[in-house]
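Biologist: Hi! Could you walk me through this one, slowly please?

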There are 2 protein chains.
Amino acid sequence: MPTGSPDALVRLFSRYLKEQGLPLTHQREAVASVLFSSEAHLSADDIEGELRTRQERIGKATIYRTLDLLVKSNLVVEHDFGEGFKRYEHRLSPRPVNQHLICQGCGRVEEFEMPEIPAVEARIARESGFKPHRHRVEIHGLCTACQADGLALSQDGIVCPIEVA
Amino acid sequence: MPTGSPDALVRLFSRYLKEQGLPLTHQREAVASVLFSSEAHLSADDIEGELRTRQERIGKATIYRTLDLLVKSNLVVEHDFGEGFKRYEHRLSPRPVNQHLICQGCGRVEEFEMPEIPAVEARIARESGFKPHRHRVEIHGLCTACQADGLALSQDGIVCPIEVA
DNA sequence: TTAGTTGCAAAAGCTTTGCAGTAAA
DNA sequence: TTTACTGCAAAGCTTTTGCAACTAA
């Protein structure tokens with residue numbers, strides 16, 4: 001899957017900072033590099049861990065501040081999958097960035113295509129007057145690996161009390 | 001929009017508690033009643049405020065503990081719209097519960113229909129082997145009222161640096 | 001040299017938990 | 001009477017902020 005080189009995005013980030021009159025520090029470069037070298041959806045904690053692996057000891061505050069800049073530069077997208085923390089993903093590849101398959105077994109996230117979105121947004125605008133700006137689609141379930149491991153999902157709680165109303 | 005009576009759901013909740021061998025307390029009834037009387041997506045704070053209006057002074061801890069029970073009973077659904085806190089909605093009406101229009105101006109949430117979802121899930125299962133279990137679709141934008149107030153949304157940050165990669 | 005950063009620690013905001021006193025059944 | 005609940009305050013988590021020391025340019 002050729003998605004270009006992480007370095008290219010680090011250079012773009014450097015350019016963004018220059019345009020904004022902000023310095024490119026070693027810490028900013030390191031955080032950006034971690035994100036641009038991974039195809040995953042990383043949490044601030046994941047990033048700190050990977051930095052540690054690389055022998056970099058960078059404060060959480062700096063990581064968060066750099067993530068802000070990366071998001072503002074549009075090179076990185078912030079996600080909230082309702083886990084209690086946020087995840088960050090670079091935009092090096094042209095894959096859709098707001099349509100996710102989320103495995104309830106292992107937590108892994110993949111993108112998928114949903115060509116019907118534009119038509120749905122057009123219908124909403126036409127029928128309700130709501131003006132769509134951005135969207136988010138998540139499908140939670142089980143990836144093939146977790147199914148192979150024999151995992152299964154069931155509705156928890158009582159068996160649909162709604163039916164008996 | 002006839003959605004049945006809040007009392008019917010309070011009774012169902014009472015029954016759920018009985019089945020679990022748990023007592024129906026005054027506080028539980030009050031929290032459930034607030035939720036079942038509203039068509040909105042309420043935060044724990046909203047619920048506390050409405051209880052205060054009703055002259056009920058119920059601790060946040062009890063509200064959260066009751067919300068847990070309501071969610072477990074399947075009478076209430078928990079949502080996380082990435083606002084930093086959760087919202088809760090009852091399931092008295094048969095409206096879709098996982099497809100939301102979210103106004104970026106006033107924060108109001110409405111449901112919408114998306115009949116193409118089953119076909120999308122079927123396609124995913126067929127093409128990737130991922131087994132869909134539940135979904136969430138959000139479209140963020142501006143409601144008609146906020147558009148009328150002259151609000152507009154723009155992309156922030158620099159103009160898509162991706163293009164120049 | 002100078003504006004802007006960094007790291008620490010403290011704070012903020014939502015949610016959960018421990019515990020002594022209280023209420024449902 | 002027994003079991004579970006309630007409210008308060010403290011703690012847990014992720015994320016943000018204040019501040020003195022530091023660094024890119």
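Predicted model: local features only at pLDDT ≥ 70, side-chain atom pairs only at ≥ 80, totals over all residues.

Biologist: Got it. How many helices and strands are there in chain A?

Modeller: Chain A has six helices and six strands. Helices (H or I, at least four residues) and strands (E, at least two) are DSSP runs, numbered from the N terminus. Read from that end, the order in chain A is α-α-β-α-α-β-β-β-β-α-β-α.

Biologist: And how much of chain A is buried?

Modeller: Of the 165 residues in chain A, 44% are buried. Buried means under 20% relative accessible area, exposed over 50%, and partly exposed in between (1.4 Å probe, protein chains only).

Biologist: Let's look at the DNA. Which residues come nearest to DNA strand D?

Modeller: There are 20 residues around DNA strand D, and Tyr64(A), Lys86(A), Thr25(B), Arg28(B) and Thr62(B) come nearest. A residue is near a strand if one of its heavy atoms lies within 4 Å of it. Of the atoms of DNA strand D that come within 4 Å of the protein, sugar and phosphate account for 74%.

Biologist: Which helices supply residues to that surface?

Modeller: Helix 4 (60-72) of chain A, plus helix 2 (26-36) and helix 4 (60-72) of chain B, each supply at least two residues of the surface near DNA strand D.

Biologist: What does Thr25(B) do there, in terms of distances?

Modeller: One of its polar side-chain atoms lies 2.6 Å from a phosphate oxygen of DNA strand D. Lys86(A) uses a polar backbone atom instead, 2.7 Å from a phosphate oxygen of DNA strand D. For Gln27(B), a polar side-chain atom is 2.9 Å from a sugar or linking oxygen of DNA strand D.

Biologist: New topic: which residues have the most contacts inside the largest nonpolar core?

Modeller: Phe112(A) and Phe112(B) do, in a core of 26 residues. A nonpolar core is a set of buried Ala, Val, Leu, Ile, Met, Phe, Trp, Tyr and Cys residues joined through side-chain atoms within 4.5 Å. In both chain A and chain B, strand 4 (99-103), helix 5 (117-128) and strand 6 (131-142) each supply at least two residues of this core.

Biologist: What does Phe112(B) touch?

Modeller: Leaving out residues up to four places away in sequence, Phe112(B) touches Val120(A) and Ile124(A) of chain A, and its partners in chain B include Leu101(B), Val137(B) and Ile139(B). Contact means heavy atoms within 4.5 Å.

Biologist: How do strand 6 of chain A and strand 6 of chain B pair, parallel or antiparallel?

Modeller: They pair in the antiparallel sense, over 11 bridges. Two strands pair if DSSP finds at least two bridges between them. Pro132(A), for instance, stands opposite Gly141(B). Within chain B, strand 4 and strand 6 pair in the parallel sense over five bridges, and His100(B) has Glu138(B) as its bridge partner.

Biologist: Is Gly141(B) buried or exposed?

Modeller: Gly141(B) is buried, because its relative accessible area is 0%. Gly141(B) and Leu101(B) are 40 residues apart in sequence, but 7.4 Å apart in space, C-alpha to C-alpha.

Biologist: In what order do the three strands of the open sheet in chain A come?

Modeller: The order is 1-3-2, with antiparallel pairing. Strand 1 and strand 2 (76-79) of chain A stand at the edges with a single partner strand each, so one side of each has no neighbour in the sheet. Strand 2 and strand 3 (residues 87-90) of chain A are joined by four bridges.

Biologist: Last one: where does His41(A) lie?

Modeller: His41(A) is in the loop between helix 2 (26-36) and strand 1 (42-43) of chain A. His41(A) counts as buried because its relative accessibility is 6%. Its side chain and that of Glu111(A) are joined by a polar contact of 3.3 Å. A polar contact is a pair of N or O atoms within 3.5 Å; within protein, one must be able to donate a hydrogen and the other to accept it, and residues adjacent in sequence count only if both atoms are side-chain atoms.

Definitions and conventions. Residues numbered from 1 in each chain as written. Chains lettered and ligands numbered in written order. Heavy atoms only, no water.
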